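Good morning, and thank you for joining this part of the meeting. Please have the sequence and the structure open while I speak.

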Amino acid sequence: MGVPYIPVVGLMGTDLLKRRDDMVVAADPFDGKTLSVVARALRPDVAVFHAQKADRQGNVSCGYDAEALILAEASRRVIVTAETIVDRLTEKEATGAFIPGMHVHAVVHARFGAHPGGCTGLYGPDKAHMARYVAAAQDDAAFAEYLQVHVFDVKDHDEYVERFVPREWREPARAVGG
Amino acid sequence: MEYNESELLAVLLSREVRDGEVSACGAHSQIPAAGLLLAQALHAPNAELIILNTAFTPFRTSKPFHFLAQRGDLGLFFVSGVQIDRYGNYNLHQLGPDPDHPKVRFPGGYGGGLIYYAARRTVVFRTEHTRRSLVEKVDYISAAGATPPDVLRLGNPTKLVTPKACFSFDRQAGVLRLDTIHSPWTLADIRENTGFDLGVGGPVPVTPAPSAEELRVLRSAVREKMLIASPAYAAWARGTLVEEQSA
């Protein structure tokens, strides 16, 4: 929206409000009395997120949650990784939120880019991998090891997919005799 | 008639829906979704349902739902939390005495802290009725039951429904009170399994049990609808709603 701050309904009395320094309580300027939470605008420098489909002009079709569109509008630079890149994608064809290419600076083809998370309509989260991730996240040493194995020691996305995305996901059942 | 706890909860929640209102539940909320569809099939044919992230939502994204609620147009919302306390607060964030070093971390409240203040009525439900889930005070307040004076609030929690009992939210006193107990549980059972004072003096009425008609419709027409709602809802319906044999 571009406004510096905005009132929201709710969040009063929550522990969430206590830990946010970008949310305050303020009175309605028209009646001087009625209190609500007021949140400061977030303007990320860079946003990176994954989507089902994008075209070469940066138009993006992504899932149901509108947060990706809001994020794209709010951020100064936007990088979208997409399962599939097509030549042309229109709003009519979008399956959920549609992000006009105007907001997007770079599009990257990354099949299974959401792994170990899921990508709505295409694949669910990799629960076994998630369990390993959660276990590794319990302490710094284990997490450093996780990052080394799954991020730093991996040459590129293709290698990540080859090594860590379950084979059944990558190789759909072949026809008999194929 | 026989029924499982999920079916019991779906029936009890369906009774909260009013005809002609906009009623909604969140994503991953199979029990209230079944309740909404059951209400529409039985007594609320003009209820407008929003079951987020399924075939039963008028919106393609989540934003219009939150804005509709903020405008005051959401009549009823069903929500659950890991912990619910006596004061109507619920917790979807974390467990542990130190808020900065939680023992367990959950996905968080999403729009919960907003919707709790915006929906005209919120009915909280919990599939587990134990001392660890119904507590005196939650470890972390994701959404607040009470409203300080002069604060903008459009609606409030009205009830808590569990597989053992129903509680109503007394807005004056700002506390939940035991309302009815489901057969076969007793007041002693409820006392033993609830981590807060029940606020009752005398005998407590029995919750009217699911009727044969409510169960029949739940297991036929509603079950059919859940199969097309989304893959996750279909899997739940197949596993949980006993398929009604045709007459």
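I begin with the largest cavity, which is lined by Tyr3(B), Leu8(B), Leu12(B), His182(B), Ser183(B), Thr207(B), Pro208(B), Ala209(B) and Pro210(B). This is a predicted model, in which local features need pLDDT of at least 70 and side-chain atom pairs count only at pLDDT 80 or more, while totals for chains, interfaces and linings use all residues. Residues are numbered from 1 along each chain as its sequence is written, chains are lettered from A and ligands numbered from 1 in the order in which they are written, and side-chain values use heavy atoms, with hydrogens and water left out.

A cavity here is a set of points, on a 1 Å grid over the protein atoms alone, where a 1.4 Å probe fits but cannot get out; lining residues have an atom within 4 Å of a point. A volume is the space filled by probe spheres set on the points, with grid points joined across faces, edges and corners. The largest cavity has a volume of about 40 Å³. Its lining comprises six nonpolar residues, three polar and no charged, where Ala, Val, Leu, Ile, Met, Phe, Trp, Tyr, Cys and Pro count as nonpolar, Asp, Glu, Lys and Arg as charged, and the others, Gly among them, as polar. Ser183(B), one of these lining residues, is joined to Pro184(B) by a cis peptide bond with omega of about 10°. Pro184(B) sits in the loop between β12 (175-181) and α5 (187-193) of chain B; helices (H or I, at least four residues) and strands (E, at least two) are DSSP runs, numbered from the N terminus.

How many cavities of 30 Å³ or more are there by this rule? The count is two.

I turn now to the largest pocket. A pocket is an open set of points with protein on both sides within 12 Å along at least five of seven lines. Of its 38 lining residues, Ile6(A), Val8(A), Ala39(A), Leu42(A) and Ile70(A) lie nearest the centre. Elements giving two or more residues to this lining are β1 (5-8), β3 (35-40) and α2 (67-74) of chain A, together with α3 (63-70) and α4 (112-118) of chain B. The largest share, five residues, is that of α2(A). By class, the lining has 21 nonpolar, ten polar and seven charged residues.

Next, the interface. Chain A places 24 residues in contact (heavy atoms within 4.5 Å) with 26 residues of chain B. The two chains bury about 2,200 Å² between them, 54% of it on carbon and sulfur atoms; buried area is the accessible area (1.4 Å probe) that two parts lose on being put together, summed over both. One salt bridge is counted between the chains, a side-chain nitrogen of Lys or Arg within 4 Å of a carboxyl oxygen of Asp or Glu. Asp150(B) and Lys33(A) form this salt bridge, with their closest N and O atoms 3.1 Å apart.

Finally, two backbone details in chain A. His115(A) and Pro116(A) are joined by a cis peptide bond, omega being about 10°. Leu11(A), in the loop between β1 and α1 of chain A, has a positive phi near 70° and is a residue other than glycine.
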